[in-house]
Amino acid sequence: MITAYLSHPDCQRHHMGPEHPESPLRLEAIRARLMLGGILQQTMQSDAREATEEQLARVHPLRHLRALDKCLPDHGLVALDGDTLMNPDSLLAARLAAGAVVRGVDLVFRHQADNVFCAVRPPGHHAEASDAMGFCFYNNVAVGAAHARARYGVRRVAILDFDVHQCNGTIDIFKDDPGVLVCTSFQYPFYPWRYLRSESRNVVNTPLAAGTDGPAFRRAVEDDWLPALHAFKPELVLVSAGFDAHRQDPLAELCLEDEDYHWVTHLAMEIAALYADHRLVSVLEGGYDPDALGRGAEAHVKALLGLPFA
Ligand SMILES: [Zn+2]
């Protein structure tokens, strides 16, 4: 397997204050862990490029994009909501994060990589079409899905999201769209408190009670996601890879272990192998314990490379 690892140093320039859990240290933690384990060296490393306004505007109305541009401060921080803040470099980082998924889609469709991990921030899956929230500005995975449809004529895109928080933004953008299947596992009831009980036919909700552990997570994903995925037969698999359902994560109360991330990645790859000529592009979402984030991402990338967990 050729696995591309897309990132960019300017993703670190976005910060939301010294106490904020969605910090530049997260990408450091992932890179350090992957280097130490000799995993990063086995990937094809490349820099992300900024998404263009045209690419962003496929999922966000232009007037919303312009309104975000106007919020960007010249110095200091400005708050969009209680926990989503901008510094002068935030939208540069956000364009790189969305652009990474666009580039990842290009790589798999041009046969330059089998699969891709985008180690970028800010995350994206809480960003709704016209609402930035939950540490997210642009919906990175949605921008990638829209690019695949517009550029490569892809008819069916599956988005698998195992972040501990439900992907309200991705659902907002693709609800009732028969060309996109969204499968999302999440702690329930919990943030984002929107779309938690959405009943769109193209959304598979897998709510999990606080305390849910790996074996129960695996059973729920197999029961809920697999039948929908086999019926849908995606031509591209996108993954919103959040690592905050880990037992060690400080923001939530699910109890996944490192190995569960290897397992769920492998499941996504099996679907991609069956229906999508292996095409799979994954993008970082949450994960707020630096140590657990590094180990979860390592398990994820190991699986992408076709390596065993241990
Ligand atoms: Zn999350």
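**Sheet, helix packing and local backbone features**

Leaving aside neighbours within four places in sequence, Gln 112 is in contact with Ile 2, Met 44 and Leu 107 (contact means heavy atoms within 4.5 Å). The model is predicted, so local features need pLDDT of at least 70 and side-chain atom pairs count only at pLDDT 80 or more, while totals for chains, interfaces and linings use all residues. Residues are numbered from 1 along each chain as its sequence is written, and side-chain values use heavy atoms, with hydrogens and water left out.

Gln 112 lies in the loop between helix H4 and strand E5 (115-118). Helices (H or I, at least four residues) and strands (E, at least two) are DSSP runs, numbered from the N terminus. At 40% relative accessibility, Gln 112 counts as partly exposed. Here, buried means under 20% relative accessible area, exposed means over 50%, and partly exposed lies in between (1.4 Å probe, protein chains only). Gln 112 and Phe 162 are 50 residues apart in sequence. Their C-alpha atoms are 26 Å apart in space.

The sheet is open and contains 8 strands. Their order is E2-E1-E5-E10-E9-E6-E7-E8, and the pairing is parallel. Two strands pair if DSSP finds at least two bridges between them. Strand E2 (44-47) and strand E8 (203-208) stand at the edges. Each has a single partner strand, so one side of each is left without a neighbour in the sheet. The twist averages 15° from one strand to the next. Axes are lines fitted to C-alpha atoms, for helices over the stretch in contact, and angles run from 0 to 180 degrees between N-to-C directions.

Ala 4 has Met 44 in E2 as its bridge partner. Helix H1 (residues 25-36) packs on the sheet. H1 touches E1, E2, E5 and strand E10 (280-284). The direction of H1 makes about 145° with that of E1.

Strand E6 (residues 157-161) is mostly covered, with 5 of its 5 residues buried. Val 157, Ile 159 and Asp 161 point one way from E6. Ala 158 and Leu 160 point the other way. E6 pairs with strand E7 (residues 180-187) in the parallel sense, over 5 bridges. Leu 160 stands opposite Cys 183 in E7. E6 is also joined by 5 bridges to strand E9 (residues 236-241), and these two strands run parallel. In E9, Leu 238 is the bridge partner of Ile 159. E6, helix H6 (residues 168-174) and E7 make a right-handed β-α-β unit. A crossover is right-handed if, with the strands pointing away from the viewer, the path from the first strand over the helix to the second runs clockwise.

Two helix pairs were examined. Two packed helices are described by the angle between their axes and the distance between the axes. The axes of helix H4 (residues 90-109) and helix H5 (residues 140-152) come within 8 Å and cross at roughly 40°. H4 and H5 are therefore oblique to each other. Angles under 35 degrees count as roughly parallel, over 145 as roughly antiparallel, 65 to 115 as roughly perpendicular and the rest as oblique. H4 passes H5 in a right-handed crossing. A crossing is left-handed if the near helix is turned anticlockwise from the far one by less than a right angle, and right-handed if clockwise. Among the residues that make the contact are Ala 94, Ala 98, Val 101 and Phe 109 of H4, and Val 141, Gly 144, His 147 and Tyr 152 of H5.

The axes of helix H8 (residues 258-275) and helix H9 (residues 290-304) come within 8 Å and cross at roughly 30°. H8 passes H9 in a right-handed crossing. The contact includes Tyr 261, His 262, Thr 265 and Met 269 of H8, and Arg 295, Gly 296, Ala 299 and Leu 304 of H9.

Most residues other than glycine have a negative phi, and most peptide bonds are trans. In the loop between E5 and H5 lies Pro 122. A cis peptide bond joins Arg 121 to Pro 122, with omega about 5°. Phe 135 is found in the loop between E5 and H5. Phe 135 is not a glycine, yet its phi is positive, at about 70°. This residue counts as buried, at 10% relative accessibility.

The loop between E7 and E8 holds Pro 192. The peptide bond from Tyr 191 to Pro 192 is cis, with omega near 15°. Trp 193 is found in the loop between E7 and E8. Its phi is positive, near 60°. Trp 193 is exposed, with a relative accessible area of 57%.
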